[in-house]
Each structure stands twice: as C-alpha cells, then as structure tokens.
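Here is a short briefing on two chains and how they meet. Look over the sequence and the structure before reading on.

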Amino acid sequence: MSDPLFQAMRQSIIDGAPDMATELAQQALANGVDPLEAVNQGFAAGIKFAGDQFGCGEMFLPDLLASAEAMKAAIKILEPEMLKRGSQREALGKVVLGTARGDIHDIGKNLVATVLSASGFQIFDLGTSVTPEQFVAKAKEVDADIVGVSALLTTTMAGQKAVIEALDRNGLRPRVKAIIGGAAVTSKWAAEIGADGYSRNAIDALELAKNLMSKAMNKGTALA
Amino acid sequence: MRPGIQLLSPDLIGRILREAFELLMKPGVRVGSAPVVELLRSAGVEVGVAANDGVARLPAPLVRQCLASAPRDFYLYNRQGEKAVHYGGDDVHFDPGSCCVQMLDPETLEARPSETRDLVRIVQVTETLPQFAAQSTAVVCNDAVVGSGKDAPSAIGDLYRLFVVLQHSDKPVVTGSFSAAGLEGMIDLLAADSGSREKLRREPRAVFDVCPSPPLNWSEFGSHNLLDLARAGVPAEIVAMPLAGGTAPVTLAGSVTQHAAEVLAGIALHQLAGPGSPVVWGGAPAIFDMRTGGAPMGAVETAMLNLACAEVGKHLGLPTHGYLVATDSKLVDAQAGAESARSATLGALAGINMISGAGMLESLACFSVEKLVIDAEWIASAQRLARGIEVRGEDVRGETLATAMFAQTGLSGEFLKLKETRALFRQEQYLPSPVIDRSARGSAPPSDVFTRARTRVDELVSTYRKPSLPEDVLRKFQAIVDREAAREADRAGVAADLPSN
C-alpha cells in the first residue's frame, strides 16, 4: 500500500479520473508490475474507499459513477495481461440483472451493475422489461450465482415475484440467489415473495451480493 | 392585485422552448407503439427512418399546429353537473396525491399495504374538505386481487379504484390508468356515471394522468392512453417527470427544457389523434437525490421545477398541473409540515390549476389521512395568501380603508363592536380548523398536531354522507367491473376476488 504507484492508482479511482487510471495501468504493465496486484492493492482500494465514503454521505452518486468508470478503464488495460498470465481476477460471482417485465426504469439497476462490476462481480445485464423466461435462460446459460430484478413501479413489482417463481420452477434456487430492488420495494415485499435479499441502494446491493456469495461459499465448504 | 411568483424571465422561457423544439428533432422522441408510429407517419413525420429505432423527429411547425388546436381552458364537472374545477388562467385547485401503495397506521406509525377501507376513508375526508376541489384515486387497494394470490396491484386495480371513488364521491376525480387495457373500462365507468359517452365528453367528471418516461420516451401504454383519451374527448393530464441529474439534465433550467419537450411531444400525439380534446400541461418533476437515488418531493428545488414547468405551460396558454404538498418524511412531523406548507404556498402563488400531492409521505410511497387534514390547513392558508390584500367594505360603509371605521370608533379602540368587523372578518381571515392550535394554554397538557389531526379525521368521517346513486347506475358500475375482472382473470388464468365496499 505504501508503494507510490499503488497510491496513485487508488487516488485515480477516488478522483474518478479514467485517463489517469489508464495511464497508471499502462505504467504498471511497462514496469512489469503484476496486474492482479495493481488491481487488488491499487485500483480496488480506491473503489473500496469510494464505497465507504458514499456510505457515510461524503461522496455522492456522480462521484461513485466516476470512480466506477475509472475502475473500468484500468481493468480494460490490465485484463489482457492478466489473461496472458492466467491470473484472471477471479470474479466475486456472476450476476444476471434486469428490470421486471413492463418496467423500463433502469437507473437503479444500472447503478447496481456499475458498482458490482467495479467491485469484481461479472455482470450480465439483460436491460429493461425482461420476462421471467429470459432471466431463467440467462441464469442457466452463464451459470449465474445471483439474479437481480429491479422494479420502480408498484404495478411491475409483480414481475419480481414472477421471476422468483420461474427460478423455483426451473429448480435453480436455492443455488441461484434472487435479489430485488426498486423505489417501491420494501423488505416486507422481499420477504413476502421469498427473495433472498433486498437492498435500498447500489452500495447496499454490493454488501448484499458479497454476503450472499460468502454464505454460498461457506455452505459449499460445509457440504464438501 | 393577486400576488404571484415567477422564476423564469421571458427571455429564459424563450430559450427553454427553442431548445425543447430542438430536442424534438435531435435526438427526437422514442415512441413505443405501432398505432402511434402510424399516426405520426400519416401526419408526415418520419419515424425511425435511419434506423428502425422507433424514434420520431417532430418538426416545430407540426407541434405548433397541435399546440394551437389544444383548448386554453376547460372545466371538470361534479356529479350534479356543476362546473367544479376550472383548468385555465390562474385558478388554483388541489387534490390528494395519487396511487400510493402504503398507508401510515396512525396507531403504530408503521407503513402497511393500503386497502380499500383506506381509499374509502381518504375519499370521505376529501369529500368533506372544501380545500380539495377534486378527489384522486389515492391509494392502491392491495386487498382487491386479480391474479395469483396476494399479488402486487394488477391491471384492473385502476378501474377498481375509480369504482370505489365514484361510489363515495360527487367531486371531480384526478385518476389514471397504468395499462392500455384498463383505460377502456374506466371510461365506460365514467360514461355510466355521466349517462353517456357524449355527456362525458361534454361535461367531463375526471381527468387522466398520462406519463411519458424520461428522457423523451412515450412508452407503449402511455401513448396508447393518450390516443384513446383524445379520441374519447376525456381530459388528459400529461405528467412528465424528469429527475434533474438522474433522468434529465442536472440543471433546473435543463430539466425544465426536457419537461417542455416531453409534454410538447405528448400534446402533438394527443392533438393529432383528437384535435381540440382537452389536455393539461402537467408534471411531477423532481431533483434526483445524489445520496439515495430517490426523488425528493419535499425539496425546494423540486418545488422550483414544478413552478418553472408550469410557467412554461402558462406562457403557451395551456391549463397547468404540478405535484406539490408532499414530503419525504416518513412521519407526520415538522419536516412533513414545513415541506408541504412551503410547496402549497408556492404552488398557489404560481397559479397552477391543479396541484396534486397532499397527504403523501416518504417521497410518494406512503399516504397519511392525518397528513391530508393538516395539508388542508396549509392549502387554505395558501389560498388565502393567493387572494392577496383586497380593498373591501364599500358595501358596508364608504370606500375608505380605515377612516370610515375610525369615524365611528374615534380613539375608543372598540373595533370588535363594529358592524364592519362582524361583516368582514370571515373574508379577511382564514379561520383554521382545530388542527391548528391557537388556543391559550389551559390546564390540560398541550397536544401536538398529529393528535389533533387524528381527532379531526374521525370527526370528518362522522359528518360524511355517502352520495345516493341510482340503482341502475350502480348496477352498470358493477357490470363493468365484473366484465373487466373476468377479462383480467382470463388473461391471468385465475379467479378474481374483489372485496365489496
């Protein structure tokens, strides 16, 4: 952490400066720095800081998005080298996201995608107004760990329930976790429809996703 | 003079409209449904020519022509056939907020799913309060289920809410449909109430909120409803809701510009389908909260957006609507009072024709009937303020402000005894209900406004009388609801379960 290059990487993410992050990533490669270390000790530390600052109200959504963009820029440079070394940054988990059928409001869903992706989750974004069948098909195709369904409208919240039912029907749960979010969504609704989790915003969603993954892993170990 | 407030200079309104017209060409407006594309193409508008992307580019001359055919004012009528709401000029009316999903339980202070009994109670209280010129289909009835079990509100929910309101109220109604299929039944219901579709067109009882999706997107059901309303001649209220910084430019001026473009596009579609049909320049614009990603309805900037958007509509000579008198607080507390009173006052000063939102907590997620009766006090005060300082008393004694009264009292100070005092104090002063505490401290400990509001709600409900509708109208209502419930159940493949009310 004391390495000035890692410090600068961290700072480029906090500043939300994709150009600087790109330059630092290139510099790291030129200097023979292990790309995975650059991510873990440099850039990812910046995202963690930004997330914490957002959590306590010191940073705001536009700051957070800028940090996520900077993170993406850095990963884009480092990824080919990581692949070459076979040190692909291990995804924290595979997440299929989309808004419920009939709902075209996607700000919240996009925020969740950005934050999760920046933090190391692999995101499969199905976009807006996604049918339960589409969620199921994608979850099967990519062997998803988590399916996230967003609904802004009270009228489309039923779509969240439909997705969970479809996941159940296809025998994907409990291995695949279903999480929901959206302005009108409450923890009560989440409990009522049997979701594995609900969060009020993108940062909470990150915590939620991490918790679900660690629970799944613990369970896996126990079973093994 | 009527006191007012203006946020936009004539110069700025000009710039807003110039850029709004530019937006309608570039990037254009997304239109969802085939009938809309067809309608636009027959008017010579190119839709998705370059790429088949459903984006329409609306030329200014066409939009201006549509603006010219939109009526400058219209009335909503009550069940007795009297003009009850004037959409036009600087006339100001208020109605409760719409379509909440939760209700604040005054006992536990928790939000719980709203039910039919809540909607009835809200309608009863609204019916008794003169501050509300219109009813709204205020809360979702979670107990009225069509679909698989205790589901989120289904397509028939909109119709059912209107059915409940019409049974319990004589006032005009601000309502809306969340599906293209639901609108037909709702218009049938209103026609049954009026006597015929023709009578409904002539003397509309209700206005329908229709919402584009920001930015610049007229989704399938929104545009569908717009066309159907225009053809039926039932008033449409275009409620555009840009979120500054989230789904619209972060600057207030930029969001007002996007709002203008979205409403202009809506008016174009509406007037192409039904030239001369009544349409309202409405909105529920808000800022985007940079911490929560929510829409803070109580923020002063949200009120500023509503006022500025209405100003643009007024400049075009159209009837206006805004979403104010709501709060982001979860309780009926000082924040709720301050935010609601402030925006009620601003809205009244701005001369917005219909102001929706009273009773709403938690950024429109929860309704409180106690808040509704408190908001009625802010509204009455705002209405009083908007009347301004009037010169009166000519009919009582001379045309002086004070000297004629002094001629009677001299220096005795006995104004309380004057005929003028007795004759005029009701016009000069708004006399609040007991919800507002002005009493001297007595032996009992003072109560807070929420406690007084609870008592007031009970009192109002006890004075409420349900309108007596002719048997045949009620039968028609029931037949329409049964028909639509059967259709919906058909679609969902299950039985409908509607509570009687």
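Two residues are in contact if their C-beta atoms, placed from the backbone, lie within 7 Å. The model is predicted. In it, 15 residues from chain A and 16 residues from chain B form the contact.

**Chain A side of the contact**
- Helix 4 (61-85), helix 5 (107-118) and helix 7 (157-169) of chain A each give two or more residues to the side that touches chain B.
- Helix 5 of chain A supplies the largest share, three residues.
- By type, this side of chain A has ten nonpolar residues, five polar and no charged.

**Chain B overall**
- Chain B holds 16 helices and 21 strands.
- Its C-alpha trace spans about 85 × 55 × 50 Å along the principal axes.
- Of the 501 residues in chain B, 52% are buried.
- Among contacts in chain B with a separation of 6 or more, 75% join residues 24 or more positions apart.

**Helix 1 of chain B**
- Helix 1 (residues 10-25) of chain B has 16 residues. From first C-alpha to last it reaches 23 Å, close to the expected 22 Å.
- B:I16, B:A20, B:L23 and B:L24 are buried in this helix. They lie on the same side of helix 1 of chain B because they cover an arc of only 100° around the axis.
- B:P10, B:D11, B:G14 and B:R18 are exposed on the other side.
- The cover over the buried residues includes strand 1 (29-31), helix 3 (60-69), helix 9 (252-273) and helix 10 (300-315) of chain B.

Technical notes: Residues are numbered from 1 along each chain as its sequence is written. Chains are lettered from A and ligands numbered from 1 in the order in which they are written. This is a predicted model: local features need pLDDT of at least 70, side-chain atom pairs count only at pLDDT 80 or more; totals for chains, interfaces and linings use all residues. Helices (H or I, at least four residues) and strands (E, at least two) are DSSP runs, numbered from the N terminus. The expected span of a helix is 1.5 Å times one less than its number of residues. A residue is buried if 20 or more other C-beta atoms lie within 10 Å of its own, exposed if 12 or fewer, and partly exposed in between; C-beta atoms are placed from the backbone. The arc is that of the directions from the helix axis to the C-beta atoms. Ala, Val, Leu, Ile, Met, Phe, Trp, Tyr, Cys and Pro count as nonpolar, Asp, Glu, Lys and Arg as charged, and the others, Gly among them, as polar.
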